[in-house]
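Trainee: Can we go through this one together? I'd like to ask as I look.

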Amino acid sequence: MKRFFIFLLLTVCVTAGNAWCQDKLALNNGVKWKVDKVTGANVAALQAIVKEAAGTGNLMHYKKAGGALQKGIAKMIRECRVKGADHQALHHWLEPLIEQLSLLNQAEEARSAEKAYITITIRLKLFDQYFTV
């Protein structure tokens, strides 16, 4: 399963050809960045949204998930109280996610929506590797 996700991530990086694959997200000297409980809960809500539409292959479901993700990200930004370097690291994680969400919301066919959706799912999974509450 781990090999599959690495393969998928590399495939997305090669086909996307954007800064997402070369972003600035890194651990804090080998330690996870800290976020407040509210931000952690909001990210968990985003992760739950992507699980609902996973593998549907249906443009309408992807669009619905995109709308819910958009609202969830707006809520997370509004409620975030993270400061300093931890906040900057959170931006490094969040900005590529927002870019992919924009592509999902602009998608006119299921295939392009699914591609953005997969990238969003991978990005949301990265949160737990780089951040802790």
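**Notes from a working chat**

Mentor: Start with tyrosine 62, which counts as buried at 1% relative accessibility. Keep in mind that this is a predicted model.

Trainee: Where does tyrosine 62 lie?

Mentor: Tyrosine 62 is in helix α3.

Trainee: And what is tyrosine 62 in contact with, leaving aside its neighbours within four places in sequence?

Mentor: With that exclusion, the contacts of tyrosine 62 are Ala53, Gly55, Thr56, Gly57, Leu104, Ala110, Ala113, Glu114 and Tyr117. Take glutamate 114: 52 residues separate it from tyrosine 62 along the chain, yet their C-alpha atoms are 7.1 Å apart.

Trainee: What share of the contacts in the chain is between residues 24 or more positions apart?

Mentor: Such pairs account for 77% of the contacts with a separation of 6 or more.

Trainee: Let me step back. How many helices and strands are there?

Mentor: The protein chain has five helices and two strands. In sequence order the pattern reads α-β-α-α-α-α-β.

Trainee: How much of the chain is buried?

Mentor: Of its 133 residues, 38% count as buried. The chain exposes about 8100 Å², and 58% of that comes from carbon and sulfur atoms.

Trainee: Back to α3. How do the axes of α3 and α4 cross?

Mentor: The axes of α3 and helix α4 (residues 84-106) cross at roughly 150 degrees and come within 9 Å. The crossing is left-handed.

Trainee: Which residues meet there, between α3 and α4?

Mentor: From α3, the list is Tyr62, Lys63, Gly66, Gly67, Leu69, Gln70, Ile73, Met76 and Ile77. They meet Trp93, Leu94, Leu97, Ile98, Leu101, Leu104, Asn105 and Gln106 in α4. Tyr62 is the buried tyrosine we began with.

Trainee: Now salt bridges. How many does a search of the whole structure find?

Mentor: The search finds one. It joins the side chains of glutamate 79 and lysine 75, at 3.3 Å from N to O.

Trainee: Why are those two about one helical turn apart?

Mentor: Because glutamate 79 and lysine 75 are four residues apart in helix α3 (residues 59-79).

Trainee: Next, α2. What covers its buried residues?

Mentor: The cover includes α3, α4 and α5. The buried residues of α2 are Thr39, Gly40, Asn42, Val43, Leu46, Gln47, Ile49, Val50 and Ala53.

Trainee: What does α2 reach from its first C-alpha to its last?

Mentor: Helix α2 (residues 37-53) has 17 residues and reaches 26 Å, close to the 24 Å expected at 1.5 Å a residue. Glycine 55 follows α2, with a positive phi near 70 degrees.

Trainee: Which residue has a positive phi although it is not a glycine?

Mentor: Asparagine 29, with a phi of about 55 degrees. Asparagine 29 is placed in the loop between α1 (2-16) and β1 (33-34). Its relative accessible area is 75%, so asparagine 29 is exposed.

Trainee: Last one, α5. How far apart are its end C-alpha atoms?

Mentor: They are 30 Å apart, which agrees with the 30 Å that the 21 residues of helix α5 (residues 110-130) should span at 1.5 Å a residue. Its buried residues include Ala113 and Tyr117, and both of these are among the contacts of tyrosine 62.

Note on methods
Residues are numbered from 1 along each chain as its sequence is written. This is a predicted model: local features need pLDDT of at least 70, side-chain atom pairs count only at pLDDT 80 or more; totals for chains, interfaces and linings use all residues. Side-chain values use heavy atoms; hydrogens and water are left out. A salt bridge is a side-chain nitrogen of Lys or Arg within 4 Å of a carboxyl oxygen of Asp or Glu. Buried means under 20% relative accessible area, exposed over 50%, partly exposed in between (1.4 Å probe, protein chains only). Contact means heavy atoms within 4.5 Å. Accessible areas come from the Shrake-Rupley method with a 1.4 Å probe; for residues, only the protein chains shown count as cover. The expected span of a helix is 1.5 Å times one less than its number of residues. Axes are lines fitted to C-alpha atoms, for helices over the stretch in contact, and angles run from 0 to 180 degrees between N-to-C directions. A crossing is left-handed if the near helix is turned anticlockwise from the far one by less than a right angle, and right-handed if clockwise.
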